[in-house]
Structures are given as structure tokens and as C-alpha cells.
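Please keep the sequence and the model in view while reading.

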Amino acid sequence: MKKQRAFTHEVAAEVPEVYRCYQCLTCTLGCPVAFAMDLYPHEIVKYVQLGARDKVLNSSALWTCASCETCATRCPNEIEIVQLMDCLRRMAIAEKRAREKGPILNRVFLDAIRKRGRIHEISLIVDLKRKTGELFRLDKDEMRLGLAMLRRGKLKLLPTRIKETNVMKRLFSHVEKKR
Ligand code: SF4
Ligand code: SF4
């Protein structure tokens, strides 16, 4: 019981309003990606209240959430579910529970922003495939889509970077120091 309470308190230290949830389901009903989640947003909140650490931190829903804010905007109790998801994702990464591609994509995406200040989609996909051990696994649908986007000028062959990359690096180290 103590362990369960400790988990709830740990999360509530960042998102104190988590205690206010009364399971109205409004968040889940508005979530555009709920259909792809193993736990719905209202269930995540409920399991946090119950202190079900394993259930929550092993959930793939943490990585399916698109941080679109729809749930938080609709919640009658103003529960910051996006902040809650961020907190849980950090905990899952710290405990090395994240086995999905989501956290790897998260890392690769942030590294690209830190380095160039903007995303180069082709480099992002190559980095993601390299880090997930899928570099040589060709997906025909992905290839077809990529070529179609290239033909329409939607993908750039070479990466570009912003002028103020130093500012971006300073910004990242400032945020990292605060953690
Ligand atoms: S909308 Fe808010 S109160 Fe309702 S279930 Fe979701 S988190 Fe709980
Ligand atoms: S922020 Fe996440 S949980 Fe909330 S509605 Fe958007 S995708 Fe769903």
C-alpha cells in the first residue's frame, strides 16, 4: 500500500490536480488517438490515483498520446493530462521501461532540434531506423510514400539549419539544468 501511495504522491507533486478526477470520461471521448491506446486517458488518471505504477509506466498509451491538449481543454476539473503524460514518460524512461519506438523517436527528434534547430525528415527516419535496428528493413509502403513526397517537393534531400544554433544549444542546457 505504501508503494502505491508513493507513486501517486510522486506524480501528484508535478500534477497536483490529478486527485480531482471523478472519471467522467470526457478526456477519452475527445482524444483523437484513444482508439490506438492500450489504456484510455481517463484510465491512466485512475491508475495513477490507485498507485498502479507498473500498469501505468508500462502502458504504450504514454507514447501514443500526441500531446494535442484536447483532453486538458475539455476536462471539467482542469486536469493537465499532457503534463501528466510528460511526467509519466520521464518516469518510464528513467526506469528503462520504455520499449516502444516512441521514446527513441522523442530522443532522435530532440537531438535534431538541438543540432540544427529544425527537422530534416529523411535524417530523422534514418536515425530512428538505425537506433531501432531497422536500418535495412525496407517497408514498401514507406518507400512509396517517401518517393511520392520527394517528387512533390515535400521532402528536402539535404538538411538545413537555423543561423542561431548556439541559442538552441543554450536553451537545451538551460532546460536540462532545471530538471
Ligand atoms: S475529463 Fe478530467 S475529470 Fe473527466 S475523466 Fe478525464 S481527467 Fe478525469
Ligand atoms: S493530449 Fe494525448 S491523451 Fe490528451 S487528447 Fe491529446 S492525444 Fe489524447
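The shell around ligand 2 divides into 10 nonpolar residues, 3 polar residues and 1 charged residue. In this classification Ala, Val, Leu, Ile, Met, Phe, Trp, Tyr, Cys and Pro are nonpolar, Asp, Glu, Lys and Arg are charged, and the others, Gly among them, are polar. The model is a predicted one, in which local features need pLDDT of at least 70 and side-chain atom pairs count only at pLDDT 80 or more, whereas totals for chains, interfaces and linings use all residues. Residues are numbered from 1 along each chain as its sequence is written, while chains are lettered from A and ligands numbered from 1 in the order in which they are written.

Of the 14 residues around ligand 2, those that come nearest are Cys31, Cys65, Cys68, Thr70 and Cys71; a residue is near a molecule or strand if its C-beta atom, placed from the backbone, lies within 6 Å of it. Helix H6 and helix H7 (81-94) each contribute at least two residues to this shell. The largest share, 3 residues, comes from H7. Helices (H or I, at least four residues) and strands (E, at least two) are DSSP runs, numbered from the N terminus.

Ligand 1 has 14 residues around it, of which Cys21, Cys24, Cys27, His42 and Cys75 come nearest. At least two residues of the shell are supplied by helix H2 (26-30), and at least two by helix H3 (41-50). By class, the shell around ligand 1 holds 10 nonpolar and 4 polar residues, with no charged residue.

## Loop residues and their exposure

Exposure is judged from C-beta atoms placed from the backbone: a residue is buried if 20 or more other C-beta atoms lie within 10 Å of its own, exposed if 12 or fewer do, and partly exposed in between. The loop between helix H5 (61-64) and helix H6 (70-74) contains Ser67, and Glu69 is found in the loop between H5 and H6 as well. Ser67 has a phi near 50 degrees, a positive value in a residue other than glycine. Phi of Glu69 is near 75 degrees, again positive in a residue other than glycine. Ser67 counts as partly exposed because it has 13 C-beta neighbours inside 10 Å, whereas Glu69 has 11 and therefore counts as exposed.

Met37 lies in the loop between H2 and H3 and, with 19 C-beta neighbours inside 10 Å, is partly exposed. Beyond its neighbours within four places in sequence, Met37 is in contact (C-beta atoms, placed from the backbone, within 7 Å) with Ala61 and Thr64. Met37 and Ser59 are 22 residues apart in sequence, and their C-alpha atoms are 8.4 Å apart.

Glu78 belongs to the loop between H6 and H7 and is exposed, with 9 other C-beta atoms within 10 Å. Its C-alpha atom is separated by 9.1 Å from that of Cys21, 57 residues apart along the chain. Tyr22 is found in the loop between helix H1 (2-14) and H2, and its 8 C-beta neighbours inside 10 Å make Tyr22 exposed. Tyr22 and Ser60 are 38 residues apart in sequence and 23 Å apart from C-alpha to C-alpha.

## The pairing of H8 and H9

The axes of helix H8 (residues 101-116) and helix H9 (residues 121-131) come within 10 Å and cross at roughly 135 degrees. Such axes are lines fitted to C-alpha atoms, for helices over the stretch in contact, and angles run from 0 to 180 degrees between N-to-C directions. H8 and H9 are therefore oblique to each other, since angles under 35 degrees count as roughly parallel, over 145 as roughly antiparallel, 65 to 115 as roughly perpendicular and the rest as oblique.

On the side of H8, Ile104, Leu105, Val108, Phe109 and Ala112 meet Ser123, Leu124, Asp127, Leu128 and Lys131 of H9. The contact of H8 with H9 comprises 7 nonpolar, 1 polar and 2 charged residues.

## The protein as a whole

The protein has 11 helices and 0 strands. Its C-alpha atoms fill a box of roughly 55 × 40 × 30 Å, taken along the principal axes. Of the 179 residues, 17% are buried. Among contacts with a separation of 6 or more, 63% are between residues 24 or more positions apart.

Methods
Contact = placed C-beta atoms within 7 Å.
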